[in-house]
Amino acid sequence: MALASAVAAGRTSATEAMRAAIAAAKVDPFGAMALLDAELGLASAAAYDHAPDPTLPFLGVPTLAKDLGGPFAGIPMRAGSRTLADDVTADSDLARRFRASGLCLFGSTTAPEFGLALSSEPAMGPICRNPLDPTRTAGGSSGGAAAAVASGIVAIAHATDAGGSIRVPAACCGLVGLKPSRGGMPAGPGFGNYLGGIATELAVCRSVRDTAAAFAAFSGSARGPFPNPEMLGADTSSLRIGMLTDFGGRYAIDPARQAAIEAAGRSLECDGHQLIPLAWAEFDAMVTTSAQVFETIVSVNLAALFEAFSLDKSAAEPLTQAVIENGRAMGAMAVWKQLDQSVLVSHALWKMFDRVDVVLTPMLAGPPPLLGHFPNDHGDTTAHFDRMTAMAPLAALANIAGCPAITLPFGSDAAGLPVPVQLLAPMGGDLRLLMLAARLESEQRWTHRFPVAGLP
């Protein structure tokens, strides 16, 4: 990372970088920040300046925790909700790896209440706006993280993904987002927020290089609850690339985002990879089932959370209240049936990977929606979850199947907004995805608009 290299070389210090990030966070015109703790950040930076270690991949680099996931000691996790107290707990296993890599935390980023939307507009505020077009969403549920990175407050920010929540905000804001293979990232010691294995954590970044560095620093030896995925070789000399260019008419896709897939396919074909056209009919049932399983797991988990901690449901947003009631009403056999279906989705995707090595798909159906596209003042959960699927039809598939998926911008549309692509691989194919993404990124079809605070 450029900022870490500058700190290691003495061209700036961790404290100077932190002061610049804090100054940018105090302005924050896009609602990226949920909480700012300047004292915490400066203390963390000073520790690295006192005993610098140039071998750390993110030496002295300021970063932010998502207000959902973790947890990170010293930073209360509110999950975008008035129902949670400002409790500060001990570091999770992942949080310890963040700190051990040299990252300096100084606050948290905006998320929708309990991560229930692909936009980050919690009723408690702030409303997170897309730095590339403030009338549009920065995505969700890691929208604040993406807005903070895209606007230059930080160069890397913690993010989580249970149904596209790393990849959708990255796609909205012109960033790189990797959802790792199931079992690849530490989930302890609590494990309770990982939604039966569909959720994972990592970060949103400005480059594939930084994403690869984060994956290398944070992944592996997760110590349950799933086995460590066996990593596939990173050799990308000649692969079979399955290419899906549209959603078969079931979901709309705008021409610019469709064209990005075709352009990425041509680039990979020029490298000697074989393109294998894929039809929407091969994905339709998997997408439908993935959406159903996601809704079931999220609803039951939220109902259980409110019961376990005796949270005040009346203080939650109307949409959240409806999701909780849905979860409470689900019978054990109905939930078990959905869990069975998730296994079949994973098996079906594995069968596709018998024919192809990687799948190239659109990430979003269109540009980031306008703010207000995911209202939280109603109880129509069916309409809400259908709207999420229509925005990113293939987002939840990777979560339900457990496979890795990465998104990156591959050009821009007429309005200057990013046109992202998505790559999926079999479980353990994370390094393969990073290598292919780096190849596509090398064409430099996207340029960040905002400089990183504190970068010399």
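Reply: H2 passes H3 in a right-handed crossing. Handedness here means that the near helix is turned from the far one by less than a right angle, anticlockwise for left-handed and clockwise for right-handed. Helices (H or I, at least four residues) and strands (E, at least two) are DSSP runs, numbered from the N terminus. The model is predicted, so local features need pLDDT of at least 70 and side-chain atom pairs count only at pLDDT 80 or more, while totals for chains, interfaces and linings use all residues. Residues are numbered from 1 along each chain as its sequence is written, and side-chain values use heavy atoms, without hydrogens or water.

H2 covers residues 14-27 and H3 covers residues 38-50. Their axes lie 8 Å apart, at an angle of about 160°. That makes H2 roughly antiparallel to H3. The axes are lines fitted to C-alpha atoms, for helices over the stretch in contact, and the angles run from 0 to 180 degrees between N-to-C directions. Under 35 degrees counts as roughly parallel, over 145 as roughly antiparallel, 65 to 115 as roughly perpendicular, and the rest as oblique.

From H2, the contact (heavy atoms within 4.5 Å) uses Ala14, Thr15, Met18, Arg19 and Ile22. H3 answers with Ala38, Gly41, Leu42, Ala45, Ala46, Tyr48 and Asp49. By class, these residues are eight nonpolar, two polar and two charged. Nonpolar covers Ala, Val, Leu, Ile, Met, Phe, Trp, Tyr, Cys and Pro; charged covers Asp, Glu, Lys and Arg; the others, Gly among them, are polar.

Next comes H9, residues 284-308. Take its contact with H11, residues 332-352. The two helices pack at about 140°, with axes 9 Å apart. H9 and H11 are therefore oblique to each other. The crossing of H9 past H11 is left-handed. H9 supplies Met286, Thr289, Ser290, Gln292, Val293, Thr296, Ile297 and Val300. H11 supplies Val335, Gln338, Leu339, Gln341, Ser342, Val345, Ala348, Leu349 and Met352.

The crossing of H9 past H12 is right-handed. Val287, Ala291, Phe294 and Glu295 of H9 meet Thr381, Phe385, Met388 and Thr389 of H12. This contact has five nonpolar, two polar and one charged residues.

Now the voids. A search of the whole structure turns up four cavities of 30 Å³ or more. The search runs on a 1 Å grid over the protein atoms alone: a cavity is a set of points where a 1.4 Å probe fits but cannot get out, a pocket is an open set with protein on both sides within 12 Å along at least five of seven lines, and lining residues have an atom within 4 Å of a point. Points are joined across faces, edges and corners, and a volume is the space filled by probe spheres set on them.

The largest cavity holds about 150 Å³. It has 20 lining residues, with Arg182, Gly183, Gly197, Ala199 and Thr200 closest to its centre. That lining comprises 10 nonpolar, eight polar and two charged residues.

The second largest cavity has a volume of about 80 Å³. Its lining includes Pro112, Glu113, Leu116, Glu317 and Phe374. Five nonpolar, three polar and three charged residues make up that lining.

The second largest pocket has a volume of about 210 Å³. Of its 14 lining residues, Arg206, Glu441, Gln444, Trp446 and His448 lie nearest the centre. Two elements give two or more residues to this lining: strand S12 (405-412) and helix H14 (430-441). S12 gives the most, with three residues. The classes come to seven nonpolar, four polar and three charged.

Last, the backbone. Most residues other than glycine have a negative phi, and most peptide bonds are trans. The bond from Gly70 to Pro71 is cis, with omega near 0°. Pro71 sits in the loop between strand S2 (61-66) and helix H4 (93-100). Ala79 is found in the loop between S2 and H4, and has a positive phi of about 55° although it is not a glycine. Another cis bond runs from Gly140 to Ser141, with omega near 5°. Ser141 is in the loop between strand S5 (133-137) and helix H5 (143-150).
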